[in-house]
Amino acid sequence: RHARSQLWRGPSGREREKERGEGMVAPVLRGAGRLPLGVDSRRSATLAGGGVNRRRVQHSLGSRRASGPVTRTMATTVRPFEFATAGRTVFGVGTFEERAGALLMELADREGVDLARQPLLVVAGSSGRMVEDLCDLVRAAAGSIPIPDPVVYLCPEGEPTVASCRECTALASQAGCGLVVAVGGGTAIDTAKAVAALITNGGHERDIYDFLEVVGRAMPLERRPCPFVAIPTTAGPGAELTKNAVICAGDVKVSMRNPLMLPDLVLCDPALTLTMPRSVTAHTGLDALTQCIEPYVCNQSNPVTDVLSLAGIKCGARSLRKAIEDPSDVAARTDMALCAMYGGQALANAKLGAVHGFAGILGGALDNAPHGALCAALLPHCIETNVKVLETRVMQTDPALAEEGLRRYAEVAAACLGSKGASVGDLVAWAIELVAFCGVPQLRSYGLADADVAEITLKSMASSSMKGNPVQLTQEELEAMLRAAM
């Protein structure tokens, strides 16, 4: 029923080599741009086929083909939008052992990286889980090709920081690394994502603050990042499919953001999440679910992110409890991996909202507060606040906006509870019960005090995520929401 999106072909290999030789930035849209699982299979086949060699699907009413002229109704139904994702995504149980080594060697060959002279940089979490397995797979795939041992960087506990990104970039630059692989959770992936960009944009001598938002100069990248591969071992942040790296700079979490930072390859194997502890499964799963709900109700959604968000909500709602109760449930783990993947793609191409607007600031201010737990504690109260404002203040000033916002929340309720008759009140009660089942405490237990509320709220109001909230909330409304989550 929808007009087919126009697919823009990328430059040929020869054109890319010419651009590199002239020191130009390669086009943003390299790679085999594909819609992920969950989109109608016939559309997926169309988008994946035909040798498409770009990351971005541009949808423009002015370029769509129809049997008649574009009417005013058609022109106002769908706003022009863009969709960008990883160059290639490989998903499935067992794909890590079966394909990781070959896929990395294939990418190195395609990108002209000589691993014999430009070693692999592997970035992982503090435990180093899966690092040796990955290195063994690469050696086996290399066969008779003499490649040195990969350079390994284990991230410190906690979130990525300016210091850890600098340290990893120095290590990679000194070793002359030519391809970056992250194997781990959001910390490893975001660290590696930032480092891949820094390697080709001044290396360890460049000030990372040149590229940081809010606290830095937010400059665009001058050159394409080093080829980058993301292999997630958790199902939550969706960092493997976003175009930004979230980094702690002092007591605030900010982003280094550029479309060129999307990975060249994502390998998502749900089997890698089977050993996650209960608490990590709960926190990352709640984060994934929130990152599907917020893009669906945000003020910058589009038809593609809508499909992804709803599919992710259904996966997370039906399987998070199962994954917590039975960690070995492969079907539930697969659903949660899909939930995280869809959420990452949705938030990268739409917006988030007040939950993440607060969570980013709270994460920098509170020690040892898991990001997913912060999101979970806020989610029911954010839904309740937004719906109340839509039903009252917004209904009086912009009835059309209010009706659309309420319709979307009703669809989220139906997706979460599996019933078309579910109300928003049912959704709030369901969210509160799920958060309690997952063992997430209120924010006060992490050290948030009444005296902190005003300052946290003011900082949150300036965040990028807050700008995507479906309604603009006042400082008083936001403070009340935060206090309710305490």
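Colleague: Which residue lies over the face of Phe437, at 5.6 Å from the ring centre?

Modeller: That's Arg278. Keep in mind that this is a predicted model.

Colleague: Okay. And which residue is at 4.5 Å from that ring centre?

Modeller: Arg321, which also lies over the face of Phe437.

Colleague: How many aromatic pairs does the structure hold?

Modeller: The count is 0.

Colleague: Let's switch to the sheet. What order do the strands come in?

Modeller: It's an open sheet of 6 strands, running 4-11-8-7-5-6, with parallel pairing.

Colleague: Which ones are the edge strands?

Modeller: Strand 4 (89-91) and strand 6 (151-154), each of which pairs on one side only. From one strand to the next, the twist averages 15°.

Colleague: How many bridges are there between strand 4 and strand 11?

Modeller: Those two pair in the parallel sense over 3 bridges, with strand 11 covering residues 265-268. To find your way around, look for Thr89, which stands opposite Val266 in strand 11.

Colleague: Which strands does helix 5 touch?

Modeller: Helix 5 (residues 131-142) packs on the sheet against strand 5 (120-124), strand 6, strand 7 (179-184) and strand 8 (228-232). The helix direction makes about 155° with that of strand 5.

Colleague: And what about helix 7?

Modeller: Helix 7 (residues 186-199) packs on the sheet too, touching strand 5, strand 7 and strand 8. Its direction makes about 170° with that of strand 7.

Colleague: New topic: at what angle do helix 12 and helix 16 pack?

Modeller: About 145°, with the axes 9 Å apart. Helix 12 is residues 371-397 and helix 16 is residues 475-484. Their crossing is right-handed.

Colleague: Which residues make that contact?

Modeller: From helix 12, Leu378, His381, Cys382, Thr385, Val389 and Arg393. Helix 16 brings Glu477, Met481, Leu482 and Ala484.

Colleague: How does that contact split by class?

Modeller: Between helix 12 and helix 16 there are 6 nonpolar, 2 polar and 2 charged residues.

Terms used. Residues are numbered from 1 along each chain as its sequence is written. This is a predicted model: local features need pLDDT of at least 70, side-chain atom pairs count only at pLDDT 80 or more; totals for chains, interfaces and linings use all residues. Side-chain values use heavy atoms; hydrogens and water are left out. Axes are lines fitted to C-alpha atoms, for helices over the stretch in contact, and angles run from 0 to 180 degrees between N-to-C directions. Helices (H or I, at least four residues) and strands (E, at least two) are DSSP runs, numbered from the N terminus. A crossing is left-handed if the near helix is turned anticlockwise from the far one by less than a right angle, and right-handed if clockwise. Contact means heavy atoms within 4.5 Å. Ala, Val, Leu, Ile, Met, Phe, Trp, Tyr, Cys and Pro count as nonpolar, Asp, Glu, Lys and Arg as charged, and the others, Gly among them, as polar. Rings of Phe, Tyr and Trp (its six-membered ring) pair if their centres lie within 6.5 Å; planes under 30 degrees apart count as stacked, over 60 as edge-to-face and the rest as tilted. A charge sits over a ring if NZ of Lys or CZ of Arg is within 6 Å of the ring centre and within 35 degrees of the ring normal. Two strands pair if DSSP finds at least two bridges between them.
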